Amino acid sequence: MKTLPMFLGGEWVQAVEGGTRAILNPANNEPIAQVAEASVADAEIAIRHARKAFDSGPWPKMRAQERAAHLSRLADLIDANADALATLETRNNGKPLREAKFDVGDAANCFRYYAGLVTKPLGQTFETPDANMQTMVVREPIGVCGQIIPWNYPLLMAAWKLAPGLAAGNCCILKPAEATPLTAMRLFEWIAEAGFPPGSAQLLTGAGATAGQALADSPLVDKIAFTGGTATGRKIIAAASGNIKKVTLELGGKSPCIIFADADLDVALEFAMFAIFAGQGEVCSAGSRLILDRKLAANFLPQLAAASRKIVVGDGLLPDTEMGPLITRAHMERVLSYIEIGKAEGAQLLCGGNRLSDPPHAEGNFVAPTIFAETRPDMRIVREEIFGPVQCVQLFDTEDEAVNLANDTDYGLAGGVFTRDGAKGLRVLKRLRAGITWLNSYHPTFNEAPWGGYKQSGWGRELGTWGLDEYLETKQINISLAPQRPDWFRSAANARVV
Ligand code: NDP
């Protein structure tokens, strides 16, 4: 199997130390590719290219309209190759093909959205109390940006990082997760084809502990944008303190899906499943805590468990599959260990709770959709991010109790509320300490709207105008309209420059 190279300094190159990594299909753990594995030396090469491209290359100086044209060309190339790209995403990540297709469309739209946004007015002019002074504010790129992304949305996270970063004129180094580099590699073929200047966009394939850490440590990198686990987020913050890098973090969650007794229960039931089992539960905003009106428990929970048992789990490429495999054996073992913790803590298993190891599933990383009832707020399965198809039910009697349970978490990424009472719905959403919320829905999100969390779910926002802001510095320029001496130093009063 030939080793797929990285894209550094405008060229496809192998790792300097010759490192390689086998990429596996999580549906059967068979190798589907071999890719170059960066070491610290490769990260340093990427950083030097990016530094040169930012300090003296054309990309940051280019007109916004011209940068936008590059992004639009890239979006067209994604669209033109959408089916093949979605298939590749499913083979590498495992998610059902219909989800991968959705991600591909969303990724193309993200590049188009930022191509449009960056050509709109970004600065300001305004009057100050000094009539002789005109002040303007201009926005400028930050510099070299390291962008470290996870394995759950490999293509979409690449788009969420590269689109605003490049639109703003930064030189970006993307480090995909070591398990899922394949769609990013395809994306960079089109970045080359779309004519991005050397060093403006680079792909560094390698492990987080080496290549990712080198980006976070480097004094030549001006910003790190990271999506991943909270523990890694802490390491990035520590490393970034060296040169006070700008840092944005999109971390985990333990998000509530609150269902009141007056909800449309058929709608609520399917959303309760969709909230946790879409993307195999490997979704930062997953509704992993079902906060349910106690009056509903006796009827709702058996129906929820019965419907969840019927979810078709399998290879994401098969047309009937509704939920795919987990990303790696190691991650599957981690999720299964949380299920054992839940049982040991005394929670009641309503459905699932096991690995699927019958013949079609035997070689893959499949876990049955799992729901725990009879939980307590102090249980580890209620407090910690499991990042798999495991939902915990918590019961409430009053609106206040629902809100308190929902907010009783270190995280604050997302939350959904189901009720037919619009005033109550808005009241509860406003009390949620979370950045992304829904009324009578769960999961839809838009390139136009800010994505990010309160509390330990992160720093800053992606997407929308907020996402572009995170890639721009803000400079004030003050222009004297009537230059005159400041009359400050007596010794300079009679000074004349001849
Ligand atoms: P990580 O946070 O380790 O991975 C996210 C990215 O960070 C990957 O590209 C990874 O590299 C990289 N990385 C790892 N260590 C470092 C480091 N020291 N410096 C710089 N970059 C680094 O997540 P895991 O894959 O280990 O998953 C652990 C848990 O994190 C999950 O179970 C889940 O709870 C949470 N998570 C949350 C995500 C989210 O969307 N918020 C996404 C993924 C995980 P590589 O993987 O290549 O080694």
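Tutor: A definition comes first: axes are lines fitted to C-alpha atoms, for helices over the stretch in contact, and angles run from 0 to 180 degrees between N-to-C directions. Helices (H or I, at least four residues) and strands (E, at least two) are DSSP runs, numbered from the N terminus. This is a predicted model, in which local features need pLDDT of at least 70, side-chain atom pairs count only at pLDDT 80 or more, and totals for chains, interfaces and linings use all residues. Residues are numbered from 1 along each chain as its sequence is written, and side-chain values use heavy atoms, with hydrogens and water left out.

Student: At what angle do α4 and α5 pack?

Tutor: Helix α4 (residues 97–117) packs against helix α5 (residues 154–167) at about 5°, and their axes are 9 Å apart. That makes α4 roughly parallel to α5, a term for angles under 35 degrees; over 145 counts as roughly antiparallel, 65 to 115 as roughly perpendicular and the rest as oblique.

Student: Which residues of α4 and α5 make the contact?

Tutor: Contact means heavy atoms within 4.5 Å. On the α4 side, the residues include Asp103, Ala107, Phe111 and Tyr114, and on the α5 side they include Leu155, Ala159, Trp160 and Ala163. By class, this contact of α4 with α5 has 13 nonpolar, no polar and two charged residues. Here Ala, Val, Leu, Ile, Met, Phe, Trp, Tyr, Cys and Pro count as nonpolar, Asp, Glu, Lys and Arg as charged, and the others, Gly among them, as polar.

Student: Why do residues three or four places apart in an α-helix point the same way?

Tutor: An α-helix has 3.6 residues a turn, so residues three or four places apart point the same way.

Student: And are α7 and α8 parallel or oblique to each other?

Tutor: The axes of α7 (residues 208–217) and α8 (residues 230–240) cross at roughly 40° and come within 8 Å. The two helices are therefore oblique to each other. Gln213, Ala216 and Asp217 of α7 meet Lys235, Ile236, Ala239 and Ala240 of α8.

Student: New topic: which residues have the most contacts inside the largest nonpolar core?

Tutor: They are Phe111, Tyr114, Leu204 and Ile259, in a core of 129 residues. A nonpolar core is a set of buried Ala, Val, Leu, Ile, Met, Phe, Trp, Tyr and Cys residues joined through side-chain atoms within 4.5 Å. Buried means under 20% relative accessible area, exposed over 50%, and partly exposed in between (1.4 Å probe, protein chains only).

Student: What does phenylalanine 111 contact?

Tutor: Leaving aside neighbours within four places in sequence, phenylalanine 111 is in contact with Leu71, Leu74, Ala75, Ile78, Ala159, Leu162, Ala163 and Leu187. There is also a second, separate core of 15 residues, which includes Met332, Leu336, Val367 and Ile386.

Student: Is valine 221 buried or exposed?

Tutor: Valine 221 is buried, with a relative accessible area of 0%. Its place is the loop between α7 and β11 (223–227). The C-alpha atoms of valine 221 and alanine 50 are separated by 8.8 Å, although these residues are 171 residues apart along the chain.

Student: Where is asparagine 92 found?

Tutor: Asparagine 92 is in helix α3 (residues 82–93) and is buried, with a relative accessible area of 2%. Beyond four places in sequence, asparagine 92 touches residues including Ile23, Pro26, Thr180 and Ile327.
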